[in-house]
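Take a look at the structure below.

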Amino acid sequence: MRTDRRAVVLLLGFLAVVLVGTLAGLVALWPSAEDAVEDVQYAAEGVTFVDAEVLRVEDACPVIAVGPGLPEPEGGADQAFPENCNTLVARLSEGPEEGDETRVQTEASVVRSGLRAGDEVVLMRVPPVEGQPETVYGFSHPHRDAPLLAMTIVFVVVVAVIARLRGILALLGLGFAAVVLWGFMIPGLLAGESGIGVAVVGSIVIMYVVLYLAHGPSLRTSAALAGTLLGITVTALLGVWAVGAARLSGMSDENGEFLQLYADQLNFKALLSAGIIIAGLGVLNDVTITQASAVWELRSAAPDMTRREIFSRGMRIGRDHIASTIYTIVFAYAGTALGVLLLLSLYDRPIADVLSSDMLSEEVVRTLASAIGLVASVPITTAIAAATVAPPGAPPAAGKRALRGRGGSDVPPA
């Protein structure tokens with residue numbers, strides 16, 4: 001397929017400038033060894049974690065509301081709970097007491113999770129200390145390696161079988177994204193670097209590699225990448241404004257309090273803005289590549305269609321995609337925060353007050369900023385793709401037969 005050379009030069013020049021700037025930002029924001037936050041010890045000195053096999057699980061303790069103004073449980077608060085409820089008996093599989101049996105106190109949620117005899121668990125071993133002459137064991141968590149590994153294998157196999165090479169390349173891109181997130185973005189944030197700068201630079205690096213790797217180096221991929229970069233910009237600007245305007249602290253849960261203890265150089269408002277940018281990357285990528293592909297397919301099917309018509313028809317596709325994607329964003333949050341929503345629904349407060357709470361306000365801002373950036377990327381990407389395709393009625397390259405390359409671009413034979 002012929003293309004508009006002027007638009008192509010502008011597009012590739014824009015992507016080249018952004019890439020150079022991003023690499024410079026990557027170097028400038030890369031955390032140094034001096035800026036690294038020291039590792040925090042997970043447990044007290046001398047405490048170790050050992051494997052054990054569950055022999056028996058006692059019944060869960062009943063849920064009883066005890067407090068001022070509430071009726072006293074029948075038989076008194078002490079007699080309302082059966083003996084040994086919320087406990088399990090396990091045989092140690094390693095450690096100095098290997099082979100011994102121990103009774104471990106746990107939570108009702110653990111008992112109700114379906115834990116049963118034969119399951120492998122991890123216990124926390126607290127050695128004898130002054131005033132506590134015996135070794136004490138506490139419950140840590142069940143061994144979940146097998147089901148998690150099985151789910152991962154099934155996911156990889158399904159993607160590889162159905163999506164084939166594209167799916168495998170997408171998985172490689174996902175692995176690269178994890179490396180950037182864990183190797184650059186998280187250490188950079190912990191080191192006190194600019195939260196917005198780290199999020200934008202890391203996101204752009206991820207998008208450059210993921211899009212070209214999964215969809216191939218082509219003009220339609222480049223158009224989608226340009227739309228994605230501008231969508232990230234819109235999301236970042238909205239996120240910074242919304243966090244400031246809504247007076248959000250970025251510390252709506254206990255995780256923020258723990259982070260403040262161990263990484264006091266963190267800017268939690270900037271951290272919240274960074275999370276808004278990262279949260280929308282996956283859906284943004286999906287929308288932009290779909291819009292770019294739609295425009296190129298429209299030009300291929302209708303060589304005489306004007307660019308205005310291509311843009312108009314591409315936007316019809318984009319509007320349908322926007323509608324379904326907005327549902328995806330909202331329902332994804334509703335599913336992960338269902339417990340919080342249930343709890344807040346029990347409070348005798350107006351819905352506006354509930355939505356204004358710190359916890360929900362952060363998620364509302366995160367969702368809306370990502371959604372606005374997503375919606376804005378649709379016309380942006382559609383316009384860029386429509387500008388790069390050939391004008392209506394453009395003849396094919398003389399003496400050359402176009403071959404379709406990987407990723408959907410049309411390239412002349414060598």
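Both Cys61 and Cys85 are buried. Buried means under 20% relative accessible area, exposed means over 50%, and partly exposed lies in between, with a 1.4 Å probe and protein chains only. This is a predicted model, in which local features need pLDDT of at least 70, side-chain atom pairs count only at pLDDT 80 or more, and totals for chains, interfaces and linings use all residues. Residues are numbered from 1 along each chain as its sequence is written, and side-chain values use heavy atoms, leaving out hydrogens and water.

What joins Cys61 to Cys85? A disulfide does, with an S to S distance of 1.8 Å. The term stands for a pair of cysteine sulfur atoms within 2.5 Å. A disulfide is a covalent bond between the sulfur atoms of two cysteines. The structure holds 1 disulfide. Its link is right-handed, with 85° about the S-S bond of Cys61 and Cys85. Both cysteines sit in the loop between β1 (48-57) and β2 (87-92), so the pair ties together parts that are 24 residues apart in sequence. Strands (E, at least two residues) and helices (H or I, at least four) are DSSP runs, numbered from the N terminus.

Now turn to the nonpolar cores. Such a core is a set of buried Ala, Val, Leu, Ile, Met, Phe, Trp, Tyr and Cys residues joined through side-chain atoms within 4.5 Å. The largest one has 47 residues. Leu15, Phe184, Ile206, Tyr208, Leu225 and Leu229 have the most contacts inside it. Several helices supply at least two residues each, including α1 (5-29), α3 (145-190) and α12 (358-388). Which helix gives the largest share of this core? That is α4, with 10 residues. Another core, of 13 residues, lies apart from it, and Val54, Leu88, Leu92 and Phe139 are among its members.

Next, follow helix α5. It has 27 residues and reaches 39 Å from its first C-alpha to its last, close to the 39 Å expected at 1.5 Å a residue. The expected span is 1.5 Å times one less than the number of residues. Thr228 is found in α5. Is Thr228 buried or exposed? Thr228 is buried, with a relative accessible area of 0%. Thr228 touches Met207, Leu211, Leu284, Asn285, Thr288 and Thr381, not counting residues up to four places away in sequence. Contact here means heavy atoms within 4.5 Å. After α5 comes Arg247, whose phi is positive, near 55°.
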